[in-house]
Amino acid sequence: MDENRVPARIANILINALKGGVVPRVGLEYITVGRAQEIAAILHDIDMIAAGSASFRFIVGRYGSGKSFLLQTIRNYATAKGFAVVDADLSPERRFAGTKGQGLATYKELMQNLSTKSKLDGGALPLVLEKWISGLQTAVQTETELTGEAFDQAVEARIYTVASSLEGMVNGFAFARAIVLYWRAYKDDDLALKSNVLRWFSGGYATRKEAKDDLGINFIVTDETWYDFLKVFAIFLVGAGYKGLLVMIDELVNIYKIPNSITRHNNYEKILTMYNDVLQGKAKHLGFLIAGTPQCIEDRYRGVFSYEALQSRLAEGHFATDDLKDLTAPIIRLQMLTQEEVYVLVEKLRDIHAQLFDYQPVLGHDELVYFLTVEYNRVGADTHITPREIIRDFIELINILHQNPEKSLQDILGSNSFEMAKGGLSDEDVHAEFEEFEI
């Protein structure tokens, strides 16, 4: 069997997602190119999180530069290594803080997207809780010969031990109460109580009274408390057998877009609170990756740097440059993929497409160079073209070629348009410009 062959289901997801301009959640290992240094830096963070530390990073790059791709790559790695991962995109309805529950909405989205190695598509909260209970039951079975009521009491005693270890944390007492309730619902097969506890963990209760009536817990997750709740959840996850909790938040630009300066600053203040907390060692087994554009970070009027306390913490020193990056800094800046890396990427996509539709690839080295030459010589490409656009164009191209086998690459791209795209370059000039692709 060909070791490089991509399973048909994964190949189909990759091609369809990339053609639609979105990042697939699976199969990224088949198309990852470049980013070796950035990935290595984040993987070091993950090792430190597993050891009990915490991390807070900003991933910064232009639209289409690969921020979301990098986040998903790390997400897949982290779940494979035994982490739980939550992720959310910010929007006008989901922020770090707000007067209409926008912070809570972000927390709800994070918990809905809770993923683990055995449940990569989100919705893993029930699985996490039941895995934890099952692990405690197995431990009691291994260490004792108890049965019946005595066995249940021994398991419950261990649950209370875990619960008591959380009670010293902010909001830990309420969390401990909830996990004890979940155990009782699990033991008694009380589906209604299970559902209520899951709702509580997920931020689904609107008022304390409602939670008190259903669960006897006089606490709910709110805009003000959701970060503290994540800290407790990270410690619980480690007790449940996971390495830690990784929190991924994309589309930071939606904070930059908030028109009201006070609301923006409230969101930046929440970021500052979390950032300080993590770096001062007040959080354990918890990591944050927040992605945004350079403008939403650096703009001194509306961006993160408009909040002076964050600007002073996040700004680079005097020695870092585009070529000499400090990858331990809180901001990881993504440069665009090089032309050589993009060549390798389209070559991989060509082969995956051919595997998916069961044909021999018809585009060789010269044709790939031809395509990339056209892409890179479009008007404005030097400042505006992104890997996302190139990928989308390339998949459209190979789809058309496959569906119209009588057509050639030149028929579709057009020799006249190719001459214009080259900007008058001769074939020899084009070959010289792309000679680094001779790999």
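**View 1. Strand 1 and strand 5 run side by side.** Strand 1 (residues 54–60) is joined to strand 5 by 3 bridges, and the two run parallel. Here, helices (H or I, at least four residues) and strands (E, at least two) are DSSP runs, numbered from the N terminus. Two strands count as paired if DSSP finds at least two bridges between them. Look for Ile59, which stands opposite Ile332 in strand 5. This is a predicted model, in which local features need pLDDT of at least 70 and side-chain atom pairs count only at pLDDT 80 or more, while totals for chains, interfaces and linings use all residues. Residues are numbered from 1 along each chain as its sequence is written, and side-chain values use heavy atoms, with hydrogens and water left out.

View 2. Reading across, the strand order is 2-3-4-1-5, and the pairing is parallel. Strand 2 (84–89) and strand 5 (331–333) stand at the edges with a single partner strand each, so one side of each has no neighbour in the sheet. On average, neighbouring strands of this sheet are turned by 20 degrees against each other, direction ignored. Axes are lines fitted to C-alpha atoms, for helices over the stretch in contact, and angles run from 0 to 180 degrees between N-to-C directions. Helix 2 (residues 36–50) packs on the sheet and touches strand 1, strand 3 (245–250), strand 4 (286–292) and strand 5. Contact means heavy atoms within 4.5 Å. The direction of helix 2 makes about 160 degrees with that of strand 1. Helix 12 (residues 261–279) also packs on the sheet, touching strand 1 and strand 4, and its direction makes about 135 degrees with that of strand 1.

**View 3. Helix 5 packs with helix 10.** Helix 5 (residues 125–143) and helix 10 (residues 226–239) meet at an angle of about 50 degrees, with their axes 10 Å apart. That makes helix 5 oblique to helix 10; angles under 35 degrees count as roughly parallel, over 145 as roughly antiparallel, 65 to 115 as roughly perpendicular and the rest as oblique. The contact is made by Leu125, Val128, Leu129 and Trp132 of helix 5, together with Phe233, Phe236, Leu237 and Gly239 of helix 10.

View 4. The 17 residues of helix 7 (residues 172–188) should span 24 Å at 1.5 Å a residue, and its end C-alpha atoms are 24 Å apart, which agrees. The expected span is 1.5 Å times one less than the number of residues. Among the buried residues of helix 7 are Phe175, Ile179, Leu181 and Trp183. Buried means under 20% relative accessible area, exposed over 50%, and partly exposed in between (1.4 Å probe, protein chains only). The buried residues of helix 7 pack against helix 5, helix 6 (148–166), helix 8, helix 9 (208–215) and helix 10. Just after helix 7, you can find Asp189, which takes a positive phi of about 55 degrees.

**View 5. Lys194 is a buried lysine in a helix**. Lys194 lies in helix 8 (residues 191–201) and has a relative accessible area of 13%. Not counting residues up to four places away in sequence, Lys194 touches Glu130, Tyr182, Ala185 and Tyr186.

**View 6. Helix 16 is largely enclosed by the rest of the structure**. In helix 16 (residues 365–376), 9 of the 12 residues are buried, including Leu368, Phe371 and Glu375.
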